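Please walk me through this structure.

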Amino acid sequence: MVSSADWGDAPHLNGCGSVGLAKLGALGADLGRKETEAQVAVVVVTDSSTCIPPDLLDSLPVRVVPIIVHLPDGDRKDGSPEVLAEVYAALEANVTVKSTSPSALDYLSAIDAAAEGGNEVVLVTPAKEFTSMHQRASQAAEHSKASVAVVDSRTAASGQGLVVLEVAEAAAHGAELTHCLAVAEEAVAAVDLVATVEAVGLLRRSGRIPDELTAGAVSQTVFRMKQGIIEPLSREPSLEAALARLEETWKLAGGPALRRAAVFHAGRPEAARRLQRSLENVEFVSGFSAAMAIHTGPGVVGAAWLA
């Protein structure tokens, strides 16, 4: 079962508990992030549903605000493979899983931390039609003393991730806020996302998917997410047919001429690799975050690109 308001004693090792190791790792990451942010004028803030592999963010001025996942035995911060595995196990057992998107205070805290060294901030959210994150981020920006601009990506998941990467890379090269916003505007206009999903029950219960997308019993439902609209493209009898339809849509959008592309999946890594092989300019393949998987369950494969 799924319910969500929005999209989202370990053994000791050499005398140091895994919690202690995690804290040391977090401290190192924090120091590295501050060093990166000290060298740029703009820092990007976003949420944990973007499906960007962590290693791509290591050298970029990006802060990720986690969505909170509510499991029966307690709350977890979205963003780790362990939490994702717990969510899939709960869904398989028909256990209710909920999520809470970042509050305005969460966003405000992230903005203020990003602006600590005098940086300006670009905050990128999923499309406002899908979640309250854009509204909450805007509220936070209004109450912050920092110079901050909120950008609605008009998409979600890896589509949002590509917008974030475009802005973050511009910022990493020294771009000021005005230029970063121009980059964001261009990316938002260019981003496209298509995917196929096996089971539509969770999508139907989320209440954010058109009825025509979830009606009927088919093996695969292919859809497009663009400019805040989810549009059904086709119903396919098999995963192979659905992947072929995704490749066809990619080719019609420009194929190899596309600026950048990403493949994503929810619990279907092999299908994602097959899709990656059929496309020619895939920058990365990533799995859904736990917060996204709550809404779909396993069985999603798709691609996002910038035209």
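The paragraphs below go from the sheet to the cores, then to the salt bridges and a few single residues.

This is a predicted model, in which local features need pLDDT of at least 70, side-chain atom pairs count only at pLDDT 80 or more, and totals for chains, interfaces and linings use all residues. Residues are numbered from 1 along each chain as its sequence is written, and side-chain values use heavy atoms, with hydrogens and water left out.

Start with the sheet. Helices (H or I, at least four residues) and strands (E, at least two) are DSSP runs, numbered from the N terminus. Four strands form an open sheet in the order 4-3-8-9, with parallel pairing. Two strands pair if DSSP finds at least two bridges between them. Strand 4 and strand 9 (148-152) are the edges; each has a single partner strand, so one side of each lacks a neighbour in the sheet. On average, neighbouring strands here are turned by 20 degrees against each other, direction ignored. Axes are lines fitted to C-alpha atoms, for helices over the stretch in contact, and angles run from 0 to 180 degrees between N-to-C directions.

Now look at one pairing. Strand 3 (residues 42-47) and strand 8 (residues 120-125) run parallel and share four bridges. Val 43 stands opposite Val 121 in strand 8. Helix 6 lies across strand 3, strand 4 and strand 8. Its angle to strand 3 is about 165 degrees. Contact here means heavy atoms within 4.5 Å.

Next come the cores. In soluble globular proteins, nonpolar side chains tend to be buried together. A nonpolar core is a set of buried Ala, Val, Leu, Ile, Met, Phe, Trp, Tyr and Cys residues joined through side-chain atoms within 4.5 Å. Buried means under 20% relative accessible area, exposed over 50%, and partly exposed in between (1.4 Å probe, protein chains only). The largest nonpolar core has 58 residues. Those with the most contacts inside it are Val 69, Val 87, Val 97, Val 122, Cys 180 and Phe 288. Helix 6 gives this core its largest share, nine residues. Another core, of 19 residues, lies apart from it, and Val 65, Tyr 107, Ile 111 and Ala 137 are among its members.

Charged side chains link parts of the chain as well. A salt bridge is a side-chain nitrogen of Lys or Arg within 4 Å of a carboxyl oxygen of Asp or Glu. The count comes to 18 salt bridges. One of them joins Arg 63 and Glu 37, at 2.8 Å from N to O. Arg 63 sits in strand 4 (residues 62-65) and Glu 37 in helix 1 (residues 18-37), 26 residues apart. Both Arg 63 and Glu 37 are buried.

Which residues make up a network of salt bridges? Glu 166, Glu 169, Glu 186, Arg 259, Arg 260 and Glu 283 are linked in this way. Within it, Arg 260 bridges to Glu 169, with the closest N and O atoms 2.9 Å apart. That pair connects strand 13 (residues 260-266) with helix 6 (residues 157-172), across 91 residues. Arg 260 is buried, because its relative accessible area is 7%. Glu 169, at 27%, counts as partly exposed. Arg 259 bridges to Glu 186, the closest N and O atoms being 3.9 Å apart. Arg 259 lies in the loop between helix 10 (239-253) and strand 13, and Glu 186 in helix 7 (residues 177-190), so this pair ties together parts 73 residues apart in sequence. Arg 259 is partly exposed, at 38% relative accessible area, and so is Glu 186, at 48%.

Finally, some single residues. Arg 76 is in strand 6 (residues 74-77). Its relative accessibility is 19%, so Arg 76 counts as buried. Leaving aside neighbours within four places in sequence, Arg 76 contacts Ile 67, Ile 68, Val 69, Leu 71, Val 83 and Glu 86.

Is Lys 128 buried or exposed? At 53% relative accessibility, Lys 128 counts as exposed. Lys 128 is in the loop between strand 8 and helix 5 (133-143). Beyond four places in sequence, Lys 128 is in contact with His 134, Asp 152 and Arg 154.

Cys 51 has a phi near 65 degrees, a positive value in a residue other than glycine. Cys 51 belongs to the loop between strand 3 and helix 2 (54-57), and at 6% relative accessibility Cys 51 counts as buried.
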